[in-house]
2 protein chains.
Amino acid sequence: MSHSVESIAVLGLGLIGGSLARALRQNGFARRVVGYGRRQRSLQIGMELGVIDSFTLDLDEVLDQCDMVVIGAPTLVAAELVKSIFTKLPGRVTAPVITDVASVKGNLKVAALESMSTFPPNLVLAHPIAGSEKSGVEASSADLFLNHRVILTPEESNSVEAVELVCAMWRSVGAEVVKMSVAEHDKVLAATSHLPHMLAYALVDALASAEANEDIFRFAAGGFRDFTRIASSDPVMWRDIAIANQTALLQSIDMFAAHLADLRTAVADANGDQLHATFERAKAARDQFAIDMAGRNQRKRG
Amino acid sequence: MSHSVESIAVLGLGLIGGSLARALRQNGFARRVVGYGRRQRSLQIGMELGVIDSFTLDLDEVLDQCDMVVIGAPTLVAAELVKSIFTKLPGRVTAPVITDVASVKGNLKVAALESMSTFPPNLVLAHPIAGSEKSGVEASSADLFLNHRVILTPEESNSVEAVELVCAMWRSVGAEVVKMSVAEHDKVLAATSHLPHMLAYALVDALASAEANEDIFRFAAGGFRDFTRIASSDPVMWRDIAIANQTALLQSIDMFAAHLADLRTAVADANGDQLHATFERAKAARDQFAIDMAGRNQRKRG
């Protein structure tokens, strides 16, 4: 089964939105790729770079003219856009098909339910597990999603056609589509992404505010550099994610804090057996993860 | 002032000991580099690879024949070697000059003071801040220490000549020598190295032991891979470091746990200002660290 659309709009041309626009324009999934945003600058850069065919600053125009709309904005802006869109689309709940790329799904579901009495059939929430330390449309790349996973969190009220179209869009750019519930998505991402960011931020802030912090950073080496790389992430984006995924993130922090407390006890008791068992289990899991991930990257290059 | 010695022994030919042996043999700091260990295998490989000139399994022979001895073994084995050496060297406290490369200094100081009434004049504790994910003599490299820092923790009772000789040895392999107290070293390393390892091990173990852990690792991406890389480190080595540096590590864990608890409160209160301020401070410190470290690596390549 082959899908394509006449026109698709990408709302917000950052790294993710820009990369998706590039890929969809190149592979012909959409005959026309339209950029939308509140600021003209990245849209004009997007035109110059050939990422989009045209752009508009008018959301009504987007909703009138496009078959499909991808909300490319980050967490809290995406929620505002969901509200704006469904305030404008009270009766039209089958077209256009709306989807997104944000890191948290629960707050978008809440935003949709605040605008509509039931979850809109044409809103299919999604999250591509891809990114880069770079940001902005200048860093966008048509193969960003190749062999990456995209999590769809379809709702019971979603139309089968809308879910199929969003699946087809992601498959067209080389991604592997996986489905799970909104709650499951937010729990998994809290554990593997949002919690590690909190730990890295907390560690660097703790060391930077310690006495003699100059000395401390002077003697940090490669392991510390890798461990803290994610503490260089965008503070606004991560503030918004932390707030949007509050419930699952608090559960993850508490689970981690309990494990750290156990480890602290083992250190305090000089319990070599417990320390060794913990480190062995962690190393085995991390080594297996590295093998699996290397396999995924191999497929990406191959 | 140029230093060199007739013969130097390296006790334990791992990555660090092997790399140092290679470098000292190549640069002529020692006319003869002798390997010592409890197992013949890595010593024979060291001979085949040209890392050492000869080897022995007899510690008495090492102490009788060498001008300088580098304990290349990890934390707890290094402490055992300090005890063995100073049990064998009761009267001879000026030669040979003994030094080490282990990650913790406090336990070696304690080991020395258990063997001798005062800290031996000829024992100069040291720690090169260099390493690699690789291990073993096969991975050794003569330029491992080039432009890396080496922390010396001289004691008041150390002879000036012994400290100078150890400084000269490290400078001969391109390292930058920095001096601090044993307590300061163990505190700084707890913060920048030992604590991050505990956090990475605790996180991976927590996720691996959670329900549905398969799903969790399936959706982890590049940020998680970098953040958890150090959880693939050797469990025995890190068990020993955690126990040897117990006091400073517990303080670091407590400092971190307090910062994490503050961050948890900010998430629970949806306190965007506090989250943003914390992330901004951390990002600024991490970005500065990355710039400084890139500068160091530039010098290394240049």
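How much area is buried between chain B and chain A, and what share of that area do carbon and sulfur atoms give? Before I answer, please keep in mind that this is a predicted model, in which local features need pLDDT of at least 70 and side-chain atom pairs count only at pLDDT 80 or more, while totals for chains, interfaces and linings use all residues. Residues are numbered from 1 along each chain as its sequence is written, chains are lettered from A and ligands numbered from 1 in the order in which they are written, and side-chain values use heavy atoms, with hydrogens and water left out.

The buried area, meaning the accessible area (1.4 Å probe) that two parts lose on being put together, summed over both, is about 7800 Å², and carbon and sulfur atoms give 72% of it. Phe219(B), Phe227(B) and Arg286(B) supply 10% of the area that chain B buries against chain A, more than any other three residues.

Turning to symmetry, a rotation of 180° with 0.0 Å of shift along its axis superposes chain B on chain A, with an RMSD of 0.0 Å, where copies are superposed by least squares on the C-alpha atoms of residues with pLDDT of at least 70 in both. That is the relation of a two-fold axis. Of the residues of chain B, Phe227(B) comes closest to this rotation axis, its C-alpha lying at 2.1 Å.

Finally, there are six salt bridges between the chains, each defined as a side-chain nitrogen of Lys or Arg within 4 Å of a carboxyl oxygen of Asp or Glu. Asp205(B) forms one with Arg281(A), the closest N and O atoms being 2.8 Å apart.
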